[in-house]
Amino acid sequence: RAPYLGGMYRSANLTLANMNYFLWYQPAESYTFSGCAAGRKFSAWGPGYCDEASADGMAYAYMQAHPFGAPGGVHQEGKLVTPFFELFGDVGKTIGGAVRGAFTLQEVHGSVNGSLWKRTCQWGAWHCAFVEFGSYDLVKI
């Protein structure tokens, strides 16, 4: 018998398959820090909350996910929503395959010693994540 009633191996029980995806495919997040101006050149298509004139070399971070916590592999952040789209059959699977995401961490204007940050979530299709959705503020306490 297959583990978990075969949920990972057949599409008949997609709910169980998606649950297994999230349980077994735990990505680890890493951060590549840089100054704001350098970071903004890398992601000029997204919203800019940090001060590009700042000399702080850790005011901007690009986030990456690594499958199974292995730093050698990089996981496209848009894949986080793939299981949701697969619930809608072949059309959803096609749409889910095109979704791309990019996450950043930016120290915002007025921050004192790293007290205010913006965690951005940009979403799009293929090679451009141009829509900001799900971003939030972080406050150091």
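Which side chains does a polar contact of 3.1 Å join? Those of Lys-118 and Asp-137; a polar contact is a pair of N or O atoms within 3.5 Å, where within protein one must be able to donate a hydrogen and the other to accept it, and residues adjacent in sequence count only if both atoms are side-chain atoms. The legends below begin with the whole chain and return to this pair.

The model is predicted, so local features need pLDDT of at least 70 and side-chain atom pairs count only at pLDDT 80 or more, while totals for chains, interfaces and linings use all residues. Residues are numbered from 1 along each chain as its sequence is written, and side-chain values use heavy atoms, with hydrogens and water left out.

**Figure 1. Overview of the chain.**
The chain has four helices and six strands, where helices (H or I, at least four residues) and strands (E, at least two) are DSSP runs numbered from the N terminus. Read from the N terminus, the order of elements is α-β-α-β-α-α-β-β-β-β. Of the 141 residues, 37% count as buried; buried means under 20% relative accessible area, exposed means over 50%, and partly exposed is in between (1.4 Å probe, protein chains only). The chain exposes about 8600 Å², and carbon and sulfur atoms supply 65% of that area. Accessible areas come from the Shrake-Rupley method with a 1.4 Å probe, and for residues only the protein chains shown count as cover. Among contacts between residues at least 6 apart in sequence, 49% join residues at least 24 apart, a contact being heavy atoms within 4.5 Å.

**Figure 2. Lys-118 and Asp-137.**
A search of the whole structure finds one salt bridge, a term for a side-chain nitrogen of Lys or Arg within 4 Å of a carboxyl oxygen of Asp or Glu. Lys-118 and Asp-137 form a salt bridge through their side chains, at 3.1 Å from N to O. The pair links distant parts of the chain, with Lys-118 in strand 4 and Asp-137 in strand 6 (residues 136-139), 19 residues apart. Side chains of opposite charge can pair when their charged atoms come close. Strand 4 itself covers residues 116-125. Is Lys-118 buried or exposed? Lys-118 is buried because its relative accessible area is 13%, whereas Asp-137, at 55%, is exposed. Beyond four places in sequence, the contacts of Lys-118 include Tyr-49, Leu-105, Val-108 and Glu-132.

**Figure 3. The largest nonpolar core, and another apart from it.**
Seven residues make up the largest nonpolar core: Cys-36, Cys-50, Ala-59, Tyr-60, Tyr-62, Ala-102 and Ala-129. A nonpolar core is a set of buried Ala, Val, Leu, Ile, Met, Phe, Trp, Tyr and Cys residues joined through side-chain atoms within 4.5 Å. In soluble globular proteins, nonpolar side chains tend to be buried together.

Tyr-62 counts as buried because its relative accessible area is 18%; Met-63 is buried at 3%. The C-alpha atoms of Tyr-62 and Tyr-31 are separated by 5.7 Å, although these residues are 31 apart along the chain. For Met-63 and Glu-77, 14 residues apart along the chain, the C-alpha separation is 8.9 Å. Leaving aside neighbours within four places in sequence, Met-63 is in contact with residues including Glu-29, Tyr-31, Phe-103 and Arg-119.

**Figure 4. Gly-39 in helix 2.**
Gly-39 is found in helix 2 and is buried, with a relative accessible area of 3%. Not counting residues up to four places away in sequence, Gly-39 touches Ser-34 and Tyr-60. Gly-39 and Glu-52 are 13 residues apart in sequence and 8.9 Å apart in space, C-alpha to C-alpha.

**Figure 5. A nonpolar surface patch.**
Tyr-31, Phe-33 and Met-58 make a nonpolar surface patch of about 300 Å². Patches are made of residues with over 30% relative accessible area and no salt bridge; like charges are joined within 9 Å, and nonpolar side chains (Val, Leu, Ile, Met, Phe, Trp, Tyr) within 5 Å. Met-58 is in the loop between helix 2 (36-42) and strand 2 (60-66) and counts as partly exposed at 48% relative accessibility.

**Figure 6. Asn-113 in a loop.**
Asn-113 lies in the loop between strand 3 (99-107) and strand 4. Asn-113 is exposed, with a relative accessible area of 69%. Phi of Asn-113 is near 55°, a positive value in a residue other than glycine. Most residues other than glycine have a negative phi.
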